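Hello,

Here is the structure I promised to pass on to you. Have a look at it first, and my notes follow below.

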Amino acid sequence: MRSVIDVLDLSPEELDELITCAKDIISDPKKYAHKCDGKKLATLFFEPSTRTRLSFEAAMYELGGNVLTMADAQSSSAAKGESVADTVKTVSCYADIIAMRHPKEGAPLVASMNSSVPIINAGDGGHNHPTQTLADLLTISMEKGRFDNITIGFCGDLKFGRTVHSLINALSRYQGVKFVLISPEELKLPDYIRINAIEKNNFEYIQTTDLESVMPELDILYMTRVQRERFFNEEDYLRLKDRYILTPEKLENAKSDLTVMHPLPRVNEISVAVDNDPRACYFKQVLNGKYMRMALILKLLGVE
Ligand code: CP
């Protein structure tokens, strides 16, 4: 029985296998339509979500399985004070696999230590979001055809942006990646990720507050939302939230084959006018997330 709490729980070879499987699902979905007949996925979401929860559920339905949903902690016994451990001990009596999102960092890890079925971390606080990274890696694979020798800019809230943390960790196992970290001083990448993932692996990187000056060198631009729900005061959020807004004008100096990514939801940080630019790939990421979650469910359930 295996859980996925951190993207580093999966080896680069396993990531390649998941990408290959997802591409096969895309090319022949009927082959997979009954792979999970009789199986149940529970989605335990203690924090809001549109894409992650619904794509997990769509993934399980498209594999022939069924879904048990807890979309809102307030409608569960968590609202009466039940612990995460007791919740998963209970839900693992009903489901074969659980996808959990929680505002507290480490909650899915605690869940995995108390569950008799696999736990998938669907986002824990400002820490990790490994299945968003699976969506991101499939998108990069499709758009760039490689993970080595790319220059990738991460822009916005690098402090609380869990998708950024997981993707940097995943990319730190490839060669020749250059990391361009663009954020306000207050929202810089946490030291533990910069040191462990980037510096210890001798990757080239720069930290800057200026998006426009680095735009021409980027192969990928990964925009992020300022994470309002992680701020201690509203005043700081309001001061920082519109610091970076990507517009068609700002893309004029970018490479013609730039890949613009965003885990979504978007607030203001990408103008809707960018959506029609062929370089905008954020809605492709949404769809890719479903296929990668299908591949991950198959792997963790041990389905051939
Ligand atoms: N990218 C992502 O996690 O989106 P949701 O919060 O809508 O699930």
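How far is a nitrogen atom of the ligand from an N or O atom in the side chain of Q132? That distance is 3.1 Å, a polar contact (a pair of N or O atoms within 3.5 Å).

Before the rest, some background. This is a predicted model, in which local features need pLDDT of at least 70 and side-chain atom pairs count only at pLDDT 80 or more, while totals for chains, interfaces and linings use all residues. Residues are numbered from 1 along each chain as its sequence is written, and side-chain values use heavy atoms, with hydrogens and water left out.

An oxygen atom of the ligand lies 2.7 Å from an N or O atom in the side chain of T52, and a nitrogen atom of the ligand is 2.9 Å from a polar backbone atom of L264. The protein covers 91% of the 260 Å² of accessible area that the ligand has on its own (Shrake-Rupley method, 1.4 Å probe). Residues around the ligand (a heavy atom within 4 Å) include S49, R51, R101 and H129.

The ligand sits in the largest pocket, meaning that more than half of its atoms lie within 2 Å of the pocket's grid points. A pocket here is an open set of points on a 1 Å grid over the protein atoms alone, where a 1.4 Å probe fits, with protein on both sides within 12 Å along at least five of seven lines. Its volume is about 360 Å³, the space filled by probe spheres set on the points, which are joined across faces, edges and corners. Of the 21 lining residues (an atom within 4 Å of a point), the closest to the centre are R101, R162, R225, L264 and P265.

One last thing to look at is the backbone. Most peptide bonds are trans. The bond from L264 to P265, however, is cis, with omega near 5°.

Enjoy exploring it!

Notes: A polar contact is a pair of N or O atoms within 3.5 Å; within protein, one must be able to donate a hydrogen and the other to accept it, and residues adjacent in sequence count only if both atoms are side-chain atoms.
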